[in-house]
Amino acid sequence: MHKYLTLKNAVPGGLIYCAGDTLATLISHDFYYPRIIAMLLLGATLYAIEIPAYFCWLDKRFNKPGYGNAVKRMMMAAAFFNPLWIARHLVFINLFSGQWDNLSISLLSVATASFFYCLPVALPVNYMIQNIIPLSWRFFASSVFSAVMAIYFAMSEVLFG
């Protein structure tokens with residue numbers, strides 16, 4: 001078992017990613033049972049390993065006190081969830097929803113727009129997560145933020161789309 005795949009990461013990661021995505025699908029009328037199970041497993045495995053591992057690396061790499069390192073942690077956390085990461089997540093969503101025909105390079109442009117559109121919110125939230133929240137709770141906080149953003153995107157699509 002991977003050292004970051006702990007119950008403290010897997011259970012909340014699975015439940016939070018699943019809950020946020022499920023609420024988003026209910027709002028956008030895209031509810032699909034296999035997607036719920038897949039998002040639960042994705043949040044409890046891959047995301048529960050890679051995100052805490054990266055946050056731990058950030059904490060070690062930029063461990064000196066001061067505003068400079070605080071900003072570097074924030075920027076590096078925001079950079080982790082870059083357009084390629086977002087595009088990969090969109091690929092997972094489409095695969096889990098059985099929407100194979102949506103898999104195309106256009107997901108990268110959607111992910112890029114999403115990344116830059118969210119930066120004004122993501123930067124201060126990532127600053128708080130990386131500099132105020134203790135390391136052992138950063139994945140949990142990041143998962144909650146991701147779930148809220150999934151719900152926001154679904155609401156935006158319904159309200160403004």
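At 36% relative accessibility, Phe-140 counts as partly exposed, and in this predicted model the residue belongs to an aromatic pair with Trp-137, whose ring centre lies 5.6 Å from that of Phe-140. The protein chain that carries this pair has 7 helices and 0 strands, and along the sequence the pattern reads α-α-α-α-α-α-α.

**Overall fold**

- For 161 residues a compact globule would have a radius of gyration near 15 Å, and the 16 Å found for the protein chain agrees with that expectation.
- Taken along the principal axes, the C-alpha atoms of the protein chain fill a box of roughly 45 × 35 × 25 Å.
- Of the 161 residues in the protein chain, 45% count as buried, while the chain exposes about 8900 Å², with carbon and sulfur atoms supplying 74% of that area.
- Among contacts between residues at least 6 apart in sequence, 75% join residues that are at least 24 apart.

**Aromatic residues**

- The count of aromatic pairs comes to 13, and one of them, Trp-137 with Phe-140, is edge-to-face because the ring planes stand at 90°, where over 60 degrees is required.
- Trp-137 and Phe-140 are 3 residues apart in helix α7 (residues 135-160), so about one helical turn separates them.
- Trp-137 is partly exposed, with a relative accessible area of 42%, and Lys-8 lies over the face of its ring, at 4.1 Å from the ring centre.
- One aromatic cluster is formed by Tyr-17, Tyr-47, Tyr-54, Phe-55, Trp-57, Phe-62, Phe-80, Phe-81 and Trp-85.

**Salt bridges**

- Side chains of opposite charge can pair when their charged atoms come close, and the structure holds 3 salt bridges.
- Arg-35 and Asp-21 meet through their side chains in a salt bridge of 2.7 Å, N to O; because Arg-35 lies in helix α2 and Asp-21 in helix α1, the pair ties together parts that are 14 residues apart in sequence.
- Arg-35 is buried at a relative accessible area of 9%, and Asp-21 is buried at 6%.
- Glu-50 and Arg-88 form a salt bridge at 2.4 Å, N to O; since Glu-50 belongs to helix α3 (residues 46-61) and Arg-88 to helix α5 (residues 83-96), the pair ties together parts that are 38 residues apart in sequence.
- Glu-50 is buried, with a relative accessible area of 18%, whereas Arg-88 is partly exposed, with a relative accessible area of 26%.
- Asp-59 forms a salt bridge with Arg-138, the closest N and O atoms being 3.0 Å apart, and this pair links distant parts of the chain, with Asp-59 in helix α3 and Arg-138 in helix α7, 79 residues apart.
- Asp-59 is partly exposed at 26% relative accessible area, whereas Arg-138 is buried at 6%.

**Individual positions**

- Ser-142 is found in helix α7 and counts as buried because its relative accessible area is 2%, where buried means under 20%.
- Leaving aside neighbours within four places in sequence, Ser-142 is in contact with Ile-51, Phe-55, Phe-81 and Ile-129; of these, Phe-55 and Phe-81 also belong to the aromatic cluster.
- His-29 lies in the loop between α1 (7-28) and α2 (33-44), and the phi of His-29 is near 60°, a positive value in a residue other than glycine.
- His-29 counts as exposed, at 69% relative accessibility.

Terms used. Residues are numbered from 1 along each chain as its sequence is written. This is a predicted model: local features need pLDDT of at least 70, side-chain atom pairs count only at pLDDT 80 or more; totals for chains, interfaces and linings use all residues. Side-chain values use heavy atoms; hydrogens and water are left out. Rings of Phe, Tyr and Trp (its six-membered ring) pair if their centres lie within 6.5 Å; planes under 30 degrees apart count as stacked, over 60 as edge-to-face and the rest as tilted. Helices (H or I, at least four residues) and strands (E, at least two) are DSSP runs, numbered from the N terminus. Buried means under 20% relative accessible area, exposed over 50%, partly exposed in between (1.4 Å probe, protein chains only). A charge sits over a ring if NZ of Lys or CZ of Arg is within 6 Å of the ring centre and within 35 degrees of the ring normal. The radius of gyration is taken over C-alpha atoms; the globule rule is 2.2 Å times the number of residues to the power 0.38. Contact means heavy atoms within 4.5 Å. Accessible areas come from the Shrake-Rupley method with a 1.4 Å probe; for residues, only the protein chains shown count as cover. A salt bridge is a side-chain nitrogen of Lys or Arg within 4 Å of a carboxyl oxygen of Asp or Glu.
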